[in-house]
Amino acid sequence: MQRNRKNRSRKRKPAVRTGRRTAPPVLKSAAILVVAIIFILIIIPFTITMVFTSDSQEGTKKENRDPGAQPEETITDTAAVPKTIRVQREDSGKREKIEFEEYVKGVVASEMPSDFEEEALKAQAVAARTYSLAKVQNAKKNGNSSTHPKAPVCDTVHCQVYQDKAQLKKGKGADWMRSDWEKISAAVEDTKGQLLYYDGQLVQQALFHSSSGGKTENCEDVFASAVPYLVSVESPYEEDATHKKETLTLSLSEFSAKIKASYPDISFGTIPSGGIKILSRSSGGRVDQMRIGNGTVTGKQVREALGLYSANFTISTGKDTITFTTTGSGHGVGMSQYGANGMAKEGYSYKEILQHYYSGTTIAGGS
Ligand SMILES: [Zn+2]
């Protein structure tokens, strides 16, 4: 893969004096005066300008040249990425010990389209690494998930999808391995060991989703509790997102049957088309509460019952039908992957992408 790195070293040539002059004493002092005036008129204002502009230039240069340079924050959590991670594999039913950074590569390859921009892939690498390490730490403290009691992470959507090189080669082909796998490997290696921190602690929930539809969600509006770095932010560059607008039309009887089967504890009664209403929305635009017949459910519950792309939807009812039009794809919390790719295309770095979607976080660690 070709990578463009700007050569940022700027060498300044020292001024070289050429030629020598001798002049009579009177002319000499006149010349000194002229030089002094020129100095005052040109050099001093120039110096002042330099002083005032050098701060911002320095800031930009630092940002570009040294990815490790950031506002100082004390990292109290001294977590380091372990050499290996134990992964519960779905196909074999076995646990596998995998080299940690290789595991991150397999996650990025499975969770993000490989034709995404390099900075988006790097952002995904840091998010995936952070998410996995948090799982490992949590499992040490509180035990493994009951879904996979013998390993801290699994290779499905329950944790993060992971495929090893053999699986990827089988699914995507040898050409893909030569080009795209190498691209992903480079994105992971360029961010080796780097993790997301909030308030000096490792970020526990580096959540991500496919596309938000324009605005991400507050964590508490989708999941149980509020998380300070998972707050609703604009996601303006999602033009290329798949599933931007999807519609699903069901007959009223189909809809009723699906909702009632999914939530048997709620007594909906008969559900007339006039009895279906969106009651409230979250700050990110997803349906919060919805009335269906005599029952009230969340947008998330409706999404799950019907398999909608997102809970950001509008409804329109006909005499015997109901149509859902969804915006975006996924739960909408944390980093929008298509939004990240859009930001990368606009020239944002992976750190800027991460800090946009995970508010108030710092990237640290790595070699
Ligand atoms: Zn899992």
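Tutor: Let's start with a term: a nonpolar core is a set of buried Ala, Val, Leu, Ile, Met, Phe, Trp, Tyr and Cys residues joined through C-beta atoms within 7 Å. Buried means that 20 or more other C-beta atoms lie within 10 Å of a residue's own, exposed means 12 or fewer, and partly exposed is in between, with C-beta atoms placed from the backbone. Keep in mind that this is a predicted model: local features need pLDDT of at least 70, side-chain atom pairs count only at pLDDT 80 or more, and totals for chains, interfaces and linings use all residues. Residues are numbered from 1 along each chain as its sequence is written.

Student: Okay, so which residues have the most contacts inside the largest nonpolar core?

Tutor: Those are Val108, Ala127, Leu196, Ile353 and Leu354, in a core of 59 residues. Helix 3 (residues 118-142) gives the most to this core, ten residues. Helices (H or I, at least four residues) and strands (E, at least two) are DSSP runs, numbered from the N terminus.

Student: What is Ile353 in contact with, apart from its neighbours within four places in sequence?

Tutor: Its contacts there are Glu119, Ala120, Ala123, Ala340, Met343, Ala344 and Tyr348. Contact means that the C-beta atoms of two residues, placed from the backbone, lie within 7 Å. There's also a second, separate core of 14 residues, which includes Ile271, Tyr309, Ile322 and Phe324.

Student: New topic: how many of the nine residues of helix 9 are buried?

Tutor: Eight of the nine, so helix 9 (residues 337-345) is largely enclosed by the rest of the structure. Among the buried ones are Tyr338, Asn341 and Met343. The buried residues of helix 9 pack against helix 3, strand 6 (208-209), strand 13 (335-336) and helix 10 (350-357). After helix 9 comes Gly347, with a positive phi near 100°.

Student: And the strands? Do strand 1 and strand 2 pair in the parallel or antiparallel sense?

Tutor: Antiparallel: strand 1 (residues 84-88) and strand 2 (residues 95-99) pair over five bridges. Strands count as paired if DSSP finds at least two bridges between them. The two form a hairpin with six residues between them, and Gly93 in the turn has a positive phi of about 75°. Strand 1 also pairs with strand 3 (residues 153-154), in the parallel sense over two bridges. Val87 stands opposite Glu96 in strand 2 and opposite Val153 in strand 3.

Student: Last one: at what angle do helix 4 and helix 5 pack?

Tutor: About 115°, with the axes of helix 4 (residues 165-172) and helix 5 (residues 174-190) 7 Å apart. Axes are lines fitted to C-alpha atoms, for helices over the stretch in contact, and angles run from 0 to 180 degrees between N-to-C directions. Residues making the contact include Leu168 of helix 4 and Trp181 of helix 5.
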